[in-house]
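Hello,

Here is the structure I promised to pass on. My notes on what turned up in it follow below.

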Amino acid sequence: MAGVPLIGRLSPREYVALVFGSLFILVEGFIRIIILFLPKPVINWFYKRSRALFHLGGRPRDKSAEKKQADRILAARDFGELCNVYGYIHEEHVVLTKDGYLLGLHRLPSKQGKKKDSPGTSTGNPVVYLHHGLLMNSEIWVCLTDAERSLPFVLVEQGFDVWFGNNRGNKYSKKSIHHGPNSSKFWDFSIDDFAWHDIPDTINYILEITKAEKLSYIGFSQGTAQAFAALSIHPQLNEKINVFIALAPAMNPAGLAAPIVDGLMKASPTLLFLFFGRKSILSSTTMWQSIIYPPIFAKVIDSSLRFLFDWHSLNISPNQKLAAYSHLYSFASVKSVVHWFQIMRNGVFQMYDDDVMSPITRTSVSSYRPARFPTRNIVTPIVLLYGDRDSLVDIDTMLSQLPDHTIAKRLHTYEHLDVLWGQNVDKDVIPEVLTALAQHSDDKETHAATGGLETTSVTSE
């Protein structure tokens with residue numbers, strides 16, 4: 001199919017998608033501006049109307065215990081309130097990165113219903129560090145409808161000192177000593193910056209506070225990519241992590257399930273800058289979330305995931321979706337998403353490509369190649385837990401770019417988000433994590449902690 005002039009090698013179909021996409025974003029922006037000037041009573045009226053329409057036709061109201069718990073989680077405004085739902089007391093910490101960003105960290109140092117006597121000090125327990133994925137924050141780990149399926153709550157009850165990281169720019173890390181969040185310079189970061197600064201600076205802070213020699217790293221989605229990148233370029237960091245457990249690992253996904261969007265973004269990833277500017281991507285999501293009835297918002301998210309990734313989320317209960325989707329989105333830079341489409345287009349886990357060339361100027365023999373993350377140099381033991389229905393995981397390609405000591409374990413019928421919120425994560429995922437923590441650590445305390453799996457339980461309050 002012939003290409004369209006001035007847009008590189010876009011097909012006519014992709015060119016039409018570009019035009020309609022631009023129009024959609026302009027209309028959405030116009031509606032958003034109008035909503036900002038509407039009085040609150042008017043917005044509340046629209047919210048109530050959307051709720052009435054959703055229940056039109058006698059849709060039965062769910063009065064189950066899970067629905068009540070989902071409503072409590074839905075009403076929680078932040079990480080601390082989510083922990084309070086289950087009777088946990090958290091700590092807040094702040095890390096200053098070497099390039100001036102202030103990252104918010106969360107910590108669960110004590111078991112359910114207990115409070116640490118001296119906050120901000122060592123517990124003497126083995127340390128686990130959890131890191132979220134793209135467009136997320138630390139809340140994704142603690143928004144489950146029962147505590148037994150929440151990995152961090154189980155880890156705390158098993159005797160671990162559990163820490164949660166947050167990427168620069170998200171809900172808990174939207175501050176820098178150099179630039180304000182309204183400046184495009186604040187948002188000028190990609191996966192490279194997470195790897196060079198956020199991950200190693202966070203780990204060093206945690207080890208300094210806990211007085212531990214090493215910690216265990218558990219990442220989800222982009223949280224795994226950031227660790228792959230950081231461990232590959234910081235050899236000394238490998239000495240500080242006893243095991244890296246990658247949940248729904250992300251390194252070089254093949255692409256999106258929606259052919260038009262996939263082709264358009266791969267043809268020119270920087271088109272995202274044209275659509276969304278150079279600051280935060282999808283920043284209006286929080287506004288729409290506040291004015292749309294939650295079950296309708298959940299259906300919008302479901303439809304979007306099905307369109308973009310072909311995920312049907314059958315392993316996640318409707319009430320779990322209602323609870324979790326309200327805590328799913330957080331701010332991220334457009335540049336970090338552009339970085340992912342560069343990786344998808346080239347099929348390699350590379351650093352951000354600043355030398356953007358039009359596809360017309362590219363030849364079969366290139367005088368320039370973006371630097372790649374040397375992931376085969378990683379020394380830390382790696383355990384991959386991936387779903388066999390996850391469209392973002394090409395396990396064979398991933399293993400070819402990782403060291404030979406990598407262990408990969410398949411989760412049957414699991415998609416991407418199922419690894420976090422699936423109905424059976426307490427049977428399929430959490431036991432695998434506890435086994436990996438025990439097998440890949442020479443810390444006696446870790447073995448003692450994981451050895452209590454059969455006798456320690458988490459209760460829902």
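Before the findings, two points on how to read them. This is a predicted model, in which local features need pLDDT of at least 70 and side-chain atom pairs count only at pLDDT 80 or more, while totals for chains, interfaces and linings use all residues. Residues are numbered from 1 along each chain as its sequence is written, and side-chain values use heavy atoms, with hydrogens and water left out.

Let me start with the fold. Of contacts (heavy atoms within 4.5 Å) between residues at least 6 apart in sequence, 76% join residues at least 24 apart. The protein chain has 18 helices and 8 strands, taken as DSSP runs numbered from the N terminus (helices H or I, at least four residues; strands E, at least two). Of its 461 residues, 54% are buried, where buried means under 20% relative accessible area, exposed over 50% and partly exposed in between (1.4 Å probe, protein chains only).

Next, the aromatic residues. Rings of Phe, Tyr and Trp (its six-membered ring) pair if their centres lie within 6.5 Å; planes under 30 degrees apart count as stacked, over 60 as edge-to-face and the rest as tilted. By this rule there are 17 aromatic pairs. One of them joins Y101 and F186: the ring centres are 5.2 Å apart and the planes stand at 55°, so this pair is tilted. It links distant parts of the chain, 85 residues apart, with Y101 in the loop between β1 (91-96) and β2 (102-108) and F186 in the loop between β4 (161-164) and α6 (191-210). Y101 counts as buried because its relative accessibility is 6%, and F186 is buried with a relative accessible area of 0%.

A second pair is F228 with F244, edge-to-face at 5.0 Å centre to centre and 65° between the planes. Here F228 comes from helix α7 (residues 222-233) and F244 from strand β6 (residues 241-247), 16 residues apart. F228 is buried, at 0% relative accessibility, and F244 is buried, also at 0%.

Ring pairs also connect Y101, F186, W187, F189 and F194 into a cluster.

Finally, two lysines are worth a look on screen. The charged end of K174 sits over the ring of F331, 3.7 Å from its centre, and K335 lies over the face of Y352, at 4.7 Å from the ring centre. The rule here asks for NZ of Lys or CZ of Arg within 6 Å of the ring centre and within 35 degrees of the ring normal.

Best wishes
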